[in-house]
Each structure stands twice: as structure tokens, then as C-alpha cells.
Amino acid sequence: MLLFLGRTLTAPLISFHNTGKALANAQRAAGLQVTCSPAASTRLAFGVNVWYMQRELNRVTEAYPGAQVPLAA
């Protein structure tokens, strides 16, 4: 049972960490100051994580006013 629970809790934490790194790289590529922290994304995993990552992603899209942002389908 502990082995199963370990896998179900570890995978989302790794995903949140990797998403935080991707957001930081996107901010860097947009020429912005990097404010997204992969560690903060992991620590906020089961609280306000979605709000935090969306806020950081919005900073990237706001760097390009009037540009269309393609969405992956």
C-alpha cells in the first residue's frame, strides 16, 4: 500500500517541478526577469499551485501585447 501511495504522490510533485522549470525558461526566453521558482511550484503543490503557475504564465503572455498565443490542442 505504501508503495502505491508513494507513486501517486511522487508523480504530481515531479510534474509540478518540471512545469515550474518550463515556466522559468519561458520567462527567460521572453526577456523577463525570472520570477517562477520550480521549488515554489512543488511546495505549493496541493494548495494554490494552479493560481501561482497561471500567474507566472500570464507574465510571459503579457510580454507580447496584441500577439496571438497558439494553444496546443
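Analyst: A helix here is a DSSP run of H or I with at least four residues, numbered from the N terminus. Alanine 39 is found in one such run, helix α2. Keep in mind that this model is predicted.

User: How many helices and strands does the protein chain have?

Analyst: The count is three helices and zero strands. Along the sequence, the pattern reads α-α-α.

User: How confident is the predictor, and what makes that matter?

Analyst: The chain averages a pLDDT of 83, and 88% of the residues score at least 70. The scale runs from 0 to 100. Where pLDDT is low, predicted coordinates should not be read in detail.

User: Which element has the lowest mean pLDDT, and which the highest?

Analyst: Helix α1 has the lowest, at 82. Helix α3 has the highest, at 89.

User: Why is alanine 39 called partly exposed?

Analyst: Its relative accessibility is 32%. Buried needs a value under 20%, and exposed one over 50%. Alanine 39 lies in between, so it counts as partly exposed. Its C-alpha atom is 8.9 Å from that of phenylalanine 16, 23 residues away along the chain.

User: What makes serine 41 buried?

Analyst: Its relative accessible area is 0%. That is under the 20% cut-off, so serine 41 is buried. This residue is found in helix α2, residues 38-43.

User: Which residues does serine 41 touch, not counting those up to four places away in sequence?

Analyst: They are Phe16, Gly20, Cys36, Asn49, Tyr52 and Met53. A touch requires heavy atoms within 4.5 Å.

User: Why is asparagine 49 called buried?

Analyst: Its relative accessible area is 1%, under the 20% limit, so the label holds. Asparagine 49 lies in helix α3. Beyond four places in sequence, it touches Phe16, Ser41 and Leu44.

User: Why is glutamate 56 called buried?

Analyst: Glutamate 56 has 0% relative accessibility. The cut-off is 20%, so the residue counts as buried. Glutamate 56 is found in helix α3. Its contacts beyond four places in sequence are Leu23, Gln27, Thr35 and Cys36.

User: What makes the link between glutamate 56 and arginine 55 a polar contact?

Analyst: Their side chains are joined at 3.1 Å. The limit is 3.5 Å between N or O atoms. Residues adjacent in sequence count only if both atoms are side-chain atoms. This contact is between side chains.

User: How do you know that the length of α3 agrees with its number of residues?

Analyst: At 1.5 Å a residue, its 14 residues should span 20 Å. The end C-alpha atoms are 20 Å apart, which agrees.

User: Which residues of α3 are buried, and where do they sit around the axis?

Analyst: The buried ones are Asn49, Tyr52, Met53, Glu56 and Val60. They cover an arc of only 90 degrees around the axis, which puts them on the same side of α3. An α-helix has 3.6 residues a turn, so residues three or four places apart point the same way. The face turned away from the buried side carries the exposed residues Val50, Trp51 and Glu62.

User: Which residues form the largest nonpolar core, and what makes it a core?

Analyst: It has seven residues: Phe16, Leu23, Cys36, Ala40, Ala45, Tyr52 and Met53. The elements giving two or more residues to this core are α1 (2-29) and α3 (49-62).

User: Why is alanine 26 called partly exposed?

Analyst: Its relative accessibility is 27%. Alanine 26 lies in helix α1. It is 10 residues from cysteine 36 in sequence and 9.7 Å away in space, C-alpha to C-alpha.

User: Why is tyrosine 64 called partly exposed?

Analyst: The value is 44%, between the 20% and 50% cut-offs, so tyrosine 64 counts as partly exposed. It lies in the segment after α3. Tyrosine 64 touches Ala29 and Ala30, setting aside residues up to four places away in sequence. Its C-alpha atom is 8.4 Å from that of alanine 30, 34 residues apart along the chain.

User: What share of the chain counts as buried?

Analyst: Of its 73 residues, 22% count as buried. Among contacts between residues at least 6 apart in sequence, 51% join residues at least 24 apart.

How values were computed
Residues numbered from 1 in each chain as written. Predicted model: local features only at pLDDT ≥ 70, side-chain atom pairs only at ≥ 80, totals over all residues. Heavy atoms only, no water. Core = buried A, V, L, I, M, F, W, Y, C linked by side-chain atoms within 4.5 Å. Buried < 20%, exposed > 50% of the residue type's maximum accessible area, 1.4 Å probe, protein only. Polar contact = N/O pair within 3.5 Å; in protein donor to acceptor, adjacent residues only side chain to side chain. Expected span 1.5 Å × (residues − 1). Arc of directions from axis to C-beta.
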